[in-house]
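Dear colleague,

I am handing over the structure below, followed by a short account of what was found in it. Please read the notes alongside the coordinates.

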Amino acid sequence: MAGIGIIGVGFMGYTHFEGARALQDTDVVAIATRDQKKLDGDWSSIQGNFGPPGSNNVDLSGIAKYTDYHDLLKDDNVDLVDICL
């Protein structure tokens, strides 16, 4: 099982998060954003040119949450880093 860490939780980070959750043999294990509301699961401010708008109740249970991406890079559970900045 490969652990994915996502840096940046904007429109592309949200899109990659949803895509990664659908992959086999992988799990999103960590996210990094400076936005505390997003770390708390409120992604309602996210919007883009296509796709659904962000939700205000994203389930982040079991996912490590970091305000500094350097901490995500040090996480031993992260095997692959998806940079969405």
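In what order do the elements of the chain run from the N terminus on? They run β-α-β-α-β-α-β, which comprises 3 helices and 4 strands, where helices (H or I, at least four residues) and strands (E, at least two) are DSSP runs numbered from the N terminus.

Please keep in mind that this is a predicted model, in which local features need pLDDT of at least 70 and side-chain atom pairs count only at pLDDT 80 or more, while totals for chains, interfaces and linings use all residues. Residues are numbered from 1 along each chain as its sequence is written, and side-chain values use heavy atoms, with hydrogens and water left out.

As to overall form, the radius of gyration of the chain, taken over C-alpha atoms, is 12 Å, which agrees with the value near 12 Å for a compact globule of 85 residues (the rule being 2.2 Å times the number of residues to the power 0.38). The C-alpha atoms fill a box of roughly 30 × 25 × 20 Å along the principal axes. Of the 85 residues, 41% count as buried, that is, under 20% relative accessible area with a 1.4 Å probe, protein chains only.

One residue I looked at in detail is isoleucine 6, which lies in strand S1 (residues 2–7) and counts as buried because its relative accessibility is 1%. Beyond its neighbours within four places in sequence, isoleucine 6 is in contact (heavy atoms within 4.5 Å) with residues including Phe17, Val28, Ile31, Leu72 and Cys84.

Technical notes: Buried means under 20% relative accessible area, exposed over 50%, partly exposed in between (1.4 Å probe, protein chains only).
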